[in-house]
Amino acid sequence: MESRLRNVLIAGVVVVVAGIAGFLAWQHYQASTPAGAAGGAPADMKPIDSPLAKQQPDDMVLGNADAPITMIEYSSLSCPHCARFQKDVLPAIKKDFVDTGKVKFIPRDFPLNKPAIQAAQFAHCSGPMRFFAIEDVLFKTQDQWLTENAVEALATIAATAGMDRPTFDACLANKDVEAKIVASRKTGEDAFQINATPTFIINGVKVEGEQSYDELKALFAKLAPSGS
């Protein structure tokens, strides 16, 4: 059902062309330094002692809540590195580790700009049952909605997903939803000193930048509790 939803959404997206200069002029919440392609295990494998390293009541969780490995990704829907991870790495991680009960995956908002906040609002307003499918579509169509006229492009995707315009507009006007998304960034900064995306917290260990499947597989082996 989720795959079908993604296909329907992608098929209905209208490509919106806009100049990059116009987009840069009104960026907000921009990270100071984007996380690059370098991955691998961090030098310090000591877990960060924070309750946020574990599942929280409001988290969207993919996989078994009792999985021995908790993989949290702080990401921005406007981040190209995050979009590449979503497309090229996460499907295999889901198949081999999430679906088999070894890892639970938790995405958390770390918006880099206003369009990322608006896209995240739309994803959250879609409800828990559709959140992951909508987020997947937003990453895969990032170059189509991340424009100077992002709201209209997002509204087109929302309409294709069955969300009418009044509901979409009310979602983006909801200050509580917006505040929660911005607060997710602030708590990530405070708890883990995150300043760029993607940043992963795997069983408490902070891992910055894009990670390959093999790098994550090796990290899982190192960070899994003994006997799991």
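Y74, F110 and F192 form one aromatic cluster in this predicted model, where rings of Phe, Tyr and Trp (its six-membered ring) are taken to pair if their centres lie within 6.5 Å, with planes under 30 degrees apart counted as stacked, over 60 as edge-to-face and the rest as tilted. By this rule the count comes to seven aromatic pairs. In one of them, the ring centres of Y74 and F110 are 6.4 Å apart and the planes stand at 90°, so the pair is edge-to-face. Because Y74 lies in strand β1 and F110 in the loop between β2 and α5 (114-125), this pair ties together parts that are 36 residues apart in sequence. Y74 is buried, with a relative accessible area of 0%, and F110 likewise counts as buried at 0% relative accessibility; buried here means under 20% relative accessible area, exposed over 50% and partly exposed in between (1.4 Å probe, protein chains only). The rings of F122 and F168 also form an edge-to-face pair, since their centres are 6.1 Å apart and their planes at 70°. With F122 in helix α5 and F168 in helix α9 (residues 165-172), the pair ties together parts that are 46 residues apart in sequence, and both F122 and F168 are buried.

The model is predicted, so that local features need pLDDT of at least 70 and side-chain atom pairs count only at pLDDT 80 or more, whereas totals for chains, interfaces and linings use all residues. Residues are numbered from 1 along each chain as its sequence is written, and side-chain values use heavy atoms, with hydrogens and water left out.

Strands are said to pair if DSSP finds at least two bridges between them. β1 pairs in the parallel sense with strand β2 (residues 103-109) over seven bridges, and T70 stands opposite K104 in β2. With strand β3 (residues 199-202), β1 pairs in the antiparallel sense over four bridges, and here Y74 stands opposite T199.

Helix α5, to which F122 belongs, has nine of its twelve residues buried, so it is largely enclosed by the rest of the structure. The buried residues of α5 are P115, A116, I117, Q118, A119, A120, Q121, F122 and A123. The end C-alpha atoms of α5 are 17 Å apart, which agrees with the 16 Å that its twelve residues should span at 1.5 Å a residue, the expected span being 1.5 Å times one less than the number of residues. At the start of α5, a side-chain oxygen of N113 reaches to within 3.0 Å of the backbone nitrogen of A116, and just after the helix G127 takes a positive phi of about 95°.

For the protein as a whole, there are eleven helices and four strands, defined as DSSP runs (H or I, at least four residues, for helices; E, at least two, for strands) and numbered from the N terminus. Of the 228 residues, 50% count as buried. Among contacts (heavy atoms within 4.5 Å) between residues at least 6 apart in sequence, 81% join residues at least 24 apart.

Terms used. Polar contact = N/O pair within 3.5 Å; in protein donor to acceptor, adjacent residues only side chain to side chain.
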